[in-house]
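Trainee: I am new to this structure and would like to go through it with you, one question at a time.

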Amino acid sequence: MAKGRLHVVGFGPGGHEHMTFKAAQVIQDADVVTGYTTYINMLKPIFPDKEYKATGMMKEVERCRMAIEDAMSGKDVAIVSSGDSGIYGMAGIIYQLADEMKADIDIDTVPGMTAASTAASVLGAPLMHDITIISLSDLMTPIDLIMKRVECAGEGDFVVCLYNPKSKTRTEYLNDARNILLKHRSPETPVGIVRNAGREDESKQVTTLGDLDKADVDMFSIVIIGNSQTYVSNGRMITPRGYRIGSD
């Protein structure tokens, strides 16, 4: 029996135009494509003839075991995540489970455009200097630790990109993070919010850290908070890198 292969694929925000050539090729060539139901539904119109296996939210371990088992049977399997598979994606758990299952398969990770870079491209150039990405979801990380990381990011004057900023049950975490950052930077600090970045119903808004509590934010939003040097010009967020511009 041929040795199976498992590709952990990040396919970007969803559209074919934002996939890498490698991601699209790996998905096209796979015997089976496995993923979260929402992500599979994004891929079906692009790759209509594939065999798909989908599981719902909170079924990550089950999904990864299923993909590994298919690869162990000799199949070429693509397990997919939106964004980048190694940034809040499936790459880590695949390697952990493959070790636990003693799976004799080949595994490779195919990177994709993560939500931070997708949202940044909509806003202008807010990520031009040192950044930190923090998820405000406390499903797997204690909220005290999350807020400690926000505090450290504020002290270090990082541009801060917040994933999972708000949900129906997590309504105050974004405001808590805002209040922490206000200890370290001006209320006039630019903030960009992009909803459904890279998708058909994409929208953006630019506000300030002081007014972030009034902004329309949900779980489909990415929030990018500038550092002390970030400014807004013609509706675009710009974080200077430090280049000398102009004649001497």
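Trainee: Which hand does the crossing of helix 6 and helix 7 have?

Mentor: This is a predicted model, in which local features need pLDDT of at least 70, side-chain atom pairs count only at pLDDT 80 or more, and totals for chains, interfaces and linings use all residues. Residues are numbered from 1 along each chain as its sequence is written, and side-chain values use heavy atoms, with hydrogens and water left out. Helices (H or I, at least four residues) and strands (E, at least two) are DSSP runs numbered from the N terminus, and a crossing is left-handed if the near helix is turned anticlockwise from the far one by less than a right angle, and right-handed if clockwise. For helix 6 and helix 7, the crossing is right-handed.

Trainee: Which residues of helix 7 does helix 6 meet?

Mentor: Contact means heavy atoms within 4.5 Å. From helix 6, the residues taking part are Ile143, Met147, Val150, Glu151 and Gly154, and in helix 7 they meet Tyr173, Asp176, Ala177, Ile180 and Leu181.

Trainee: Which residue in strand 13 is the bridge partner of alanine 125?

Mentor: Two strands pair if DSSP finds at least two bridges between them, and two bridges join strand 6 to strand 13 (residues 236-238), the two running parallel. Within an open sheet of three strands, the order is 6-13-12, with mixed pairing. The edge strands, each pairing on one side only, are strand 6 (124-125) and strand 12 (231-233). In strand 13, the partner of alanine 125 is isoleucine 238.
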